[in-house]
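Work through the exercises below with the sequence and the model in view. Each task is followed by its solution in steps.

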Amino acid sequence: MPARILIADDHELVRDGIKHMLGYEEDLEVVGDASNGREVVELCRRLKPDLVLMDVRMPEMDGLEATRAIKAEQPEVSVLVISTYRNPHYLLEAIVAGAAGYVLKDAPNRQLINSMHRALDGESPLNQELALQLIQRLASKTSQPVGPPPAPEGGDAASMPLPNKLTSREVEVLRLLAQGKTNQDIAEDLRISRATAKVHVQHIIAKLEVSDRTQVIVRAFELGLMRPPQAQP
Amino acid sequence: MGVRAKSKADWVSYPPLLLRYGIAVASVTVVFGLHLLLDSLSMHYSFLLLILGATTLSASILVSAWYGGLGPGLLATALAALISDYHFVYPSHSFSGLSIEATPLLAFVLEGMFISSLAVALRFARSSVEERTWEARSLEKRYRAVVEQAAEGILIVDVSTKRVLDGNTAYQSLLGYSPEEMSYLTLYDLLPYSREDTDKYVGGVLDQNRYVSGEWRHRRKDGSLVDVEVSANMILDGGREAICMVVRDITERKRTEEVHRYHAYLLENVNDAILATDEQMLLTAWNKAAEKMYGWRADEVLGNHIWQVVPLEITEDQREDALRELAETGRFRIEVITYGKDGTPVYVEGVTVALRGEEGEITGYVNIRRDITERKRTENELHLLNQELAERGRELHRMVRRIVAVQEEERRRVAYEVHDGFTQTAAAAYRRLQTFAEHRRPESEEDREALEDAIALVRRTVEEARFVIANLRPTTLDDFGLATAIRMQIEELQTEGFEASYEETLGEERLPSTLEVNLFRLAQEALSNVRKHAETDRLRVAIGRHEEVVRLEVRDWGRGFRTSDVRGGAGPGETVGLSSMRDRVVLLSGSLQIRSEPGIGTSVVAEIPLPADGEEKEEADDEG
């Protein structure tokens, strides 16, 4: 079953170009396209896609706002932001808004397609640096001291103020994830297999009701699971 | 006679009563004795004896009257008559026989009375003469004293010979002559005029029946002349006609007069109008400049009240202030409009000074006025010019603001156009080409390579477009605001390897767009300078908002520079950078402070006030 894709971009040429490219991909099916934020939110409601390719700059409602709107109603939908601007700030803002990732418009086809796959898999381009930046950004937004959640003491997961309680193991994974570690890194640190790590991550994603690992941090932050950061940029 | 004697120190002072009558009796007795003696010398009654007898008796009467006065004289007369009777009237040697032959006796008595009176009169006359002489003497002495002590010179000259009869000490010392020398001089020596003129002068004095005064010159011993004032009159000096001249040295006076004349001349001819009044403010002086200034002649206005002659455009308060200042300090200065003869206004700068008498009471006022109409006009023009200049300055300011706004707008427009049209198209083309390359691979290696190259080129256009946009107008600024846009710059520096720190306290609220853009450009400029000149990798940017002021600081720990060098114009890049920053700051009505120490670093601080609501609207209009 091919993944259902929505494209949102105010430039027809760009939309056509992507559609044309995706025409050759069997596991990715474009089910609709929009030329502004309002349209895409509406389409998203109706069509319930798996992934939205969202341009940042659009009239009426811009991409980030649309992202926020979609994620609020349909958090299971992945949003991949595409933009001309090679600007880490845009990336951060996109993630904070709820995007799974950020791709440049002049990214090679393969890269774009891979990004889409990763987003659909719940992966996200979260590395250490980005993670820290993200946390910083979140902290400055709400002037709240923030950092990865504390290590569980005494292994009492019941003390966690969570709707869907995380297991102590999951908390450990969450800690490492918040540091921007890849599944491989997590596996090595916790002496588990990579597959196990991936499963943990997926469980966390599900419990926190987000779409990808990056959003895990955002959500954890919202839930107040984070503590003061240790490193400064 | 008795009264006279008392008041005139008893000139006619007779000896005491007893003595007087005593003398009478004594003298007659002596004569009687003499007769008896003669008688005893048996000289019979003869004519000679009669004569002798009569003479001696007369003599005794004279003596009695002379020394005793009328009373004793008469007594002597009576006694003498008796004696005559005794001796010369029949029967002789007795006191009887007062018969018809007594007629000679009667004649004798009468003669005796006459002699007495004569003696008294003579004596009186003599006393009178003595008195007169004494009086004359003492008058002479007094006169002498006065003349000698007189401060003024007194000269007496004989009319006919013109010889100096007398010249007092003052006169001598005035001319430098000794008393002896003086006595040899004539009027011709003393006066520097011709003989004719001198004679004429003397004649003139004689003609007049009173004092003749005038200013003359007399000649000193050394030949120099002295200015004198002479009062001359004819007198009689020892019976001769003489001229008495009272001579006063008026050199000093003349000098003072000259100075006064000179001062008056100056006052008359000075440029400033001088109006003097008495303490009642009635005009006492009105110089030529005043005449010129106000159109009134001096003779028309003197004696009138100054404010009536020259009305002032002055409020009650001003008047009060002026009078108070005058009372306190004795002077005041005022700039005021005054009105001249035809009502023409004259703008004057006036100084009024109070004149005071010996006891400090005000005796009058002096007003000195200068026409400042021209100056006021010039001042006014200057003021208007300044206003115009200020207005032009503001206009210029507005214009520059508009230009900058337009410039920014243009950039933004171009940036967005490039972004919207150009970049998207390029990106789309790139993608299409890739898809084509992937799914419709060219057969030959050559073709594949050519295609790859083409695709790479298209990709580059997107890169380059991105670069152009970023330089023209960073969209971050529009989308995320100033704080983020600057953070972006910082992060870029960090990736370049700079140790860049960033402090931001702008809060969530975004600033007006003009402010954001200009502050961003300022930061851009400052950071560019750091990159170009500081030769360091350590810097800090701080931006914050405190009440109504936004403060931006760019600090580096670089090599710094001497601020004096920059003002002089070190290198073209540096000066331009700093001065354009200054321009921007000025445009925003803010302040720019650049501090730098060679070897320590540089700090650029801009403080921009947030515009008030009205101004914001003006800006919005500017950006139109």
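**Exercise 1.** Find how strand β1 and strand β5 of chain B pair in this predicted model, and over how many bridges.

Solution. Start with residues 153-158 of chain B, which form β1, and residues 240-249, which form β5. The two strands run in the antiparallel sense and are joined over 6 bridges. To place one position, take B:Asp158: across from it in β5(B) stands B:Ala242.

**Exercise 2.** Give the strand order of the open sheet in chain B and explain why β2 and β3 each have one side without a neighbour.

Solution. The sheet has 5 strands in the order β2-β1-β5-β4-β3, with antiparallel pairing. The edges are held by β2 (164-167) and β3 (212-219) of chain B; each has a single partner strand, so one side of each lacks a neighbour in the sheet. From one strand to the next, the twist averages 30°.

**Exercise 3.** Determine which strands of chain B helix α9 lies across.

Solution. Locate α9 at residues 195-207 of chain B. This helix lies across β3, β4 (225-237) and β5 of chain B, and runs at about 50° to β4(B).

**Exercise 4.** Describe the side of chain A that touches chain B.

Solution. Begin with the contacts: 20 residues of chain A meet 24 residues of chain B. Next, look for the contributing helices: α1 (12-22) and α4 (88-97) of chain A each supply at least two residues to this side. The most comes from α1(A), with 7 residues. Finally, sort the residues of this side of chain A by kind: 8 are nonpolar, 7 polar and 5 charged.

**Exercise 5.** State how confident the prediction is for chain A.

Solution. The average pLDDT of chain A is 82, and 84% of its residues score at least 70. Over residues 153-160 of chain A, pLDDT stays under 50.

Key
Residues numbered from 1 in each chain as written. Chains lettered and ligands numbered in written order. Predicted model: local features only at pLDDT ≥ 70, side-chain atom pairs only at ≥ 80, totals over all residues. pLDDT = per-residue confidence, 0-100. Contact = placed C-beta atoms within 7 Å. Helix = DSSP H or I, 4+ residues; strand = E, 2+ residues; numbered from the N terminus. Nonpolar A, V, L, I, M, F, W, Y, C, P; charged D, E, K, R; others polar. Pairing = 2+ DSSP bridges. Axes fitted to C-alpha atoms, helices over the stretch in contact; angles between N-to-C directions.
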